[in-house]
Amino acid sequence: MFSFLRWLSAKAALVSLGLTVAVISPLALTVEVSAQETPSPSPTTPSATTSFSDVSQDYWASPFIQALAQRNVIVGFSDRTFKPEQPVTRAEFAAMIQKAFNQNSVRQLPAGGFSDVPANYWAAAAIQEAYETGFMSGYPQNRFQPNQRIAKVDAIVSLGSGLGLTASDTSAVNTYFTDASAIPSYAVEKVAAATNANLIVNYPEKKVLNPEAALTRAEAAAHLYQALVKLGQVQPLASNVPAANYIVAGTASQDTGSTPTASNSFTTLTSLIQATGLESTLQQGEYTIFAPTDAAFAALPQETLQRLQKPENKATLTRILQYHVVPGKLTASQLKTGELQTVEKRPVNVQVNTNANQITVNNAQVIQADIQANNGVIHGINQVLIPPDVSLDEKTDTTITAGRTTRGGRSYLGVAGNIGLGGDTGLGEGSFAVISKIGLTNAFSVRPSAVFGDDTVILVPITFDFASQSANPTGRQTFTISPYVGAGVAIETSDDADIGLLLTGGIDVPLGSRFTATGAVNAAFLGSTDVGLLLGIGYNF
């Protein structure tokens, strides 16, 4: 049976969640401004405004445009338009590249630069940087042709070159594009590489590239956004966003975290799952895991993580991990704003912002969605989720919350059989019982029970719950046990009702996330000493 742990272990060194939203240099999608010509209207300065009068919410490229604009990566014009269908010139595209990327130089522009780019030309510095970082090249006779409209295929080649993309097999272009024959021979290899890296966005027909058509501002935003996804500087569009349907998905699917980034693997989560034995839970049915990256765990104070891994805090750690697990398989497109009940029986709050292409869980952001597993799906997040009633402070957690999980395990309600070991009441005779555990603090519980018989007895002990520990009595299989001891009162309900001291001691054995087996010896000091052995099972709440 496939387990999430096995998947995480296999992928920990390879899976990338390097798709965190980063603060990047503003990318101005500007019109050309030269010493000889001042176009109208002119671009606006970056602002918090991300609504353009000519980019409606249902415009095909709206998610690319709005997401970048919200981060002041792109701007519109002074009349509050974006002009998404306006063609982009080579100079403008160079300016976009300068603002979007921070790549190292791979060559130098010869002294004097391009013959048709004066030193005082508005985009001279951008053109030089785009050339030196390998994104763009010139034409014969040392010309750049800055005012020439850039073809879509040339923009793709530019991005592929600057990002160092290569493809050993170019047959993909014939698979993904019905007009592959129109791709110039010099561009085939870079188009194939860009396809495999999910850089290409085709609207309205996903399989029609239109390689020689002039690149529009909307297309420029879409392709630059995808390039930033490739670099791990913005998150990919959620699969439930319509614009995602126009992204040409090659062999390196963005839904599987194809960019290796060791700092964003799941090694810490894997080790914690092993330490708590949560693997057995993840093998039963389908689950959705909101998985913190190694960087998310590293953000916790080091002493906190070390303390959580101590045996006496195993139950708390288990609760934290279970708070990241939701029953059922929920892909990004199925996630809706609202609460989701976790295996921990505490809800997490999910917020889906389709306009900003963001999914948040409590205060954590999903930075890689839809990592597929055989029995569920994983969404990488950038923070560790902490249940609201769990304290990470080193001091002892003395907060009283009826029904909470203690360090010995979950609260429960169940039934049991009672084996009488001596006495005159129902406790000392063979009978059945209703049992419960109600957690009060991290270390204490109250365990009201009713043992039925000719002389029904009510047991109300307060127990000290020890931390969960591993047991291996047979030498073959290890399982978790949670001992407890306590004292309270026993109430005899017959005509001659009596109240006496109660002593109890037992062991809880978690059976997955839903049930707990329990066994306890109870001694009630009523008119006589009554002793019984309770063996039962409880449903966790």
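**Cavity lining, core and a buried helix**

User: By class, what residues does the lining of the largest cavity have?

Analyst: The lining has 8 nonpolar, 7 polar and 1 charged residues, where Ala, Val, Leu, Ile, Met, Phe, Trp, Tyr, Cys and Pro count as nonpolar, Asp, Glu, Lys and Arg as charged, and the others, Gly among them, as polar. A cavity here is a set of points on a 1 Å grid over the protein atoms alone where a 1.4 Å probe fits but cannot get out, and lining residues have an atom within 4 Å of a point. This is a predicted model, in which local features need pLDDT of at least 70 and side-chain atom pairs count only at pLDDT 80 or more, while totals for chains, interfaces and linings use all residues. Residues are numbered from 1 along each chain as its sequence is written, and side-chain values use heavy atoms, with hydrogens and water left out.

User: OK, and which residues lie nearest the centre of the largest cavity?

Analyst: Of the 16 residues that line it, Arg447, Ser449, Tyr484, Ala520 and Leu534 lie nearest the centre. Two or more lining residues come from each of strand 8 (412-422), strand 9 (431-439), strand 12 (457-465) and strand 16 (515-525), and strand 16 gives the largest share, 4 residues. Strands (E, at least two residues) and helices (H or I, at least four) are DSSP runs numbered from the N terminus.

User: Switching topic, which residues have the most contacts inside the largest nonpolar core?

Analyst: They are Phe64, Ile65, Phe93, Phe101 and Val191, in a core of 92 residues. Such a core is a set of buried Ala, Val, Leu, Ile, Met, Phe, Trp, Tyr and Cys residues joined through side-chain atoms within 4.5 Å, and buried means under 20% relative accessible area with a 1.4 Å probe, protein chains only. Helix 8 (residues 217-230) gives the most to this core, with 9 residues.

User: What does Valine 191 touch?

Analyst: Leaving out residues up to four places away in sequence, Valine 191 touches Val153, Ile156, Val173, Phe177, Ile183, Ile200 and Leu209, a contact being heavy atoms within 4.5 Å. A second, separate core of 23 residues includes Phe266, Ile289, Leu321 and Val390.

User: Why is helix 2 largely enclosed by the rest of the structure?

Analyst: Helix 2 (residues 62-70) is described that way because 8 of its 9 residues are buried. Those buried residues are Ser62, Pro63, Phe64, Ile65, Gln66, Ala67, Leu68 and Ala69, and what covers them includes helix 8.

User: And how much of the whole protein chain counts as buried?

Analyst: Of its 541 residues, 53% count as buried, and its secondary structure comes to 13 helices and 17 strands.

Definitions and conventions:
1 Å grid on protein atoms, 1.4 Å probe; cavity = no way out; pocket = protein on both sides within 12 Å on 5 of 7 lines; lining within 4 Å. Buried < 20%, exposed > 50% of the residue type's maximum accessible area, 1.4 Å probe, protein only.
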